[in-house]
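This report looks at one helix and at the charged side-chain pairs of a single model.

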Amino acid sequence: MKIQERTGAGAGRSAAPAGPSVGDRLPTPPRERKPALAALAVLLILVGALGATMLVLQAGDRIEVVKITEEIPAGQAVTDSNTTSVMVAEDPGINYVKWSQLDALKKLKAVATIPGGVVAVGEMFGEEANVPEGKSLVGLSLKEGQYPAGLKSGATVAAYRVGGTSRTDSGDGETGGSGGSTGGDAVIVEKAVVDYVKETKGDDLVSSTNLPVTLLVDDAQAAALTQAASNGEVALVLVTGN
């Protein structure tokens, strides 16, 4: 009787269904591979690395050159006061003037007016100013009241004779112009281009009331303008064309 009871109990336990294992999980589908995106990511990494390399190489090929700090009129030379040094990326296609060549540059002249704030290149300088054929550069020293306020290089002006005798009577009834003036007016030059004018800042005119100005005029007008300028009898007026 005891043997039968144990056998029956064991049979009952074996008949119960086995539950699922604790560590078992549902199967996951395989991930979809995207080779195009992977290739694009690699390409972007290569482009970024190449750009960084180029920046490093370019930063390493920098040279010290001459920079013009103040306007230099045609025919004038550079000085220590109107130049400074600046670092730029070396470019074989640009004829930079290196800072080490400043002393040699001082022996040359600006072939045309050079504005301030530009980097000097060899083509800006030569043995003499580049004055157009049939033209002359005439220098003036004007007092306050003999030039319009805000006068700048490139402006078109007329030059008048002031403070002197604009007409002379020859005694035979004919009245001639003095120093190139025609008829009854006192115009020396009807139209001239301001090639250079010194920029004034603050109280620059306190120590010197004269303003240096250079005019580009026809050769035929240069003598009369120079004569009037030497006597301090020139006044400039802005005219149409500015």
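The text below takes the helix first and the salt bridges after it.

**Helix α4 and its surroundings**

The model is predicted. Helix α4 covers residues 219-230, which makes 12 residues. Its first and last C-alpha atoms are 17 Å apart, close to the 16 Å expected at 1.5 Å a residue. The buried residues of α4 are A222, A224, L225, A228 and A229. Among the elements that cover these buried residues are the strands β5 (135-143), β6 (156-161) and β9 (187-197). The cover also includes β10 (210-218) and β11 (234-238). Just after α4, G232 has a positive phi of about 70 degrees.

**Salt bridges**

Side chains of opposite charge can pair when their charged atoms come close. In this model the count comes to 4 salt bridges. Three of them are listed here with the distance between nitrogen and oxygen.

| Pair | N to O distance |
|---|---|
| K106 and D80 | 2.7 Å |
| K135 and D218 | 2.6 Å |
| R161 and E233 | 3.0 Å |

K106 and D80 form a salt bridge with their closest N and O atoms 2.7 Å apart. This pair links distant parts of the chain, 26 residues apart. K106 sits in the loop between α3 (102-105) and β3 (109-110), while D80 sits in the loop between β1 (62-68) and β2 (83-89). K106 has a relative accessible area of 28% and is therefore partly exposed, as the range for that class runs between 20% and 50%. D80, at 57%, counts as exposed because its value is over 50%. D80 and K106 also belong to a network of salt bridges that includes D103.

The side chains of K135 and D218 meet in a salt bridge at 2.6 Å, N to O. K135 lies in strand β5 and D218 in strand β10, so the pair ties together parts that are 83 residues apart in sequence. Both strands are among those that cover the buried residues of α4. K135 is partly exposed, with a relative accessible area of 33%. D218 is also partly exposed, at 32%.

Are the two partners of the R161 and E233 pair buried or exposed? R161 is buried, and E233 is buried as well. The closest N and O atoms of this salt bridge are 3.0 Å apart. R161 lies in strand β6 and E233 in the loop between α4 and β11, so the pair ties together parts that are 72 residues apart in sequence.

Technical notes: Residues are numbered from 1 along each chain as its sequence is written. This is a predicted model: local features need pLDDT of at least 70, side-chain atom pairs count only at pLDDT 80 or more; totals for chains, interfaces and linings use all residues. Side-chain values use heavy atoms; hydrogens and water are left out. Helices (H or I, at least four residues) and strands (E, at least two) are DSSP runs, numbered from the N terminus. The expected span of a helix is 1.5 Å times one less than its number of residues. Buried means under 20% relative accessible area, exposed over 50%, partly exposed in between (1.4 Å probe, protein chains only). Contact means heavy atoms within 4.5 Å.
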